[in-house]
Amino acid sequence: MGRFATPLLQNGQMADSADTVRVAIAQLDVAARDIARNSARLSALVRRHADADLVVVPELALTGYEIDDLDELAAPPEQAMAEIAAACAAAGTAFVGGYLEPGPGKPYNSMAAIDASGVLVANYRKTHLFDAEAQAFTAGDRLVVAQLGELRVGLVNCFDMEFPEVARTLADGGAQLLVVSSANMDPLYNDHLIAAQSRALENRLPLVYANRCGAEIGHRFCGGSRAVDPDGRVVAELGRDDDVLTVDLALRSALGGHVNYLRLRRPELYTH
């Protein structure tokens, strides 16, 4: 099962005083519209990374990045994630990743968070829809911090990361780690590199970013999955190919809180 940098609590979860978290960041070439194949692959991925505390996979990793004929691909989270949840329980490893959830008319582009015991603890519906997504999906209406054991994880879905208010709200909500599932594409590689480092730095929170690779519906996904420390430094990164990166990521700034932007804010200046 996943290991932690400090002693475990009696229930096997991470103590609040942990210094690092071990994350397996999966950069995947997802099979379009093949839920059975993708679910089996994600489940096997979790089982192979039983030494990780958390496995993170891209946006819509269960279905592919599809925007047409979506009803046949959408399923409630408990149903969509059943095989993966069983793998989490067997491995003792948590999971965050994307799937398609039924919605009111149009489905949601969602992320599920499953804890190390296999329990679905949170579901997040993408709130900021990019380009043609606005015609394909229903936008979510709330931000979510998932409780994975004693670790509080802020869930971010691709384009959401480009809005500083999202990460700041999650930080204010007690997130200790920002987790981004993405399907970013050419020519927008640099947008997400800058955004990932900025969101980590301005909130003094570590960030993990799992992006797609390969091609689908005319898009070529640009990879670049990465781990960013609380001081905005990229500590590990993948290229453009299908791969998995495992990293021990610090949960606290090396500066010891001397430049804590959350604490040093002056909210009275920021209103119109």
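The largest cavity holds about 80 Å³ of space. A cavity is a set of points, on a 1 Å grid over the protein atoms alone, where a 1.4 Å probe fits but cannot get out, whereas a pocket is an open set with protein on both sides within 12 Å along at least five of seven lines; lining residues have an atom within 4 Å of a point. Grid points are joined across faces, edges and corners, and the volume is the space filled by probe spheres set on them. The model is predicted: local features need pLDDT of at least 70 and side-chain atom pairs count only at pLDDT 80 or more, while totals for chains, interfaces and linings use all residues. Residues are numbered from 1 along each chain as its sequence is written, and side-chain values use heavy atoms, with hydrogens and water left out.

By this rule there is one cavity of 30 Å³ or more. Its lining includes Tyr 65, Lys 126, Phe 130, Glu 133, Cys 158 and His 192. By class, seven lining residues are nonpolar, two polar and three charged; here Ala, Val, Leu, Ile, Met, Phe, Trp, Tyr, Cys and Pro count as nonpolar, Asp, Glu, Lys and Arg as charged, and the others, Gly among them, as polar. Leu 188 also lines the cavity. In the loop between β8 (177–181) and α6 (189–203) lies Pro 187, and the peptide bond from Asp 186 to Pro 187 is cis, with omega near 5 degrees. Helices (H or I, at least four residues) and strands (E, at least two) are DSSP runs, numbered from the N terminus.

The largest pocket contains about 320 Å³ of space. It is lined by 18 residues, and among those closest to its centre are Arg 204 and Leu 205. Arg 204 belongs to the loop between α6 and β9 (207–210), and its phi is positive, near 50 degrees. Most residues other than glycine have a negative phi, and most peptide bonds are trans. Arg 204 counts as buried because its relative accessible area is 12%; buried means under 20%, exposed over 50%, and partly exposed in between (1.4 Å probe, protein chains only).
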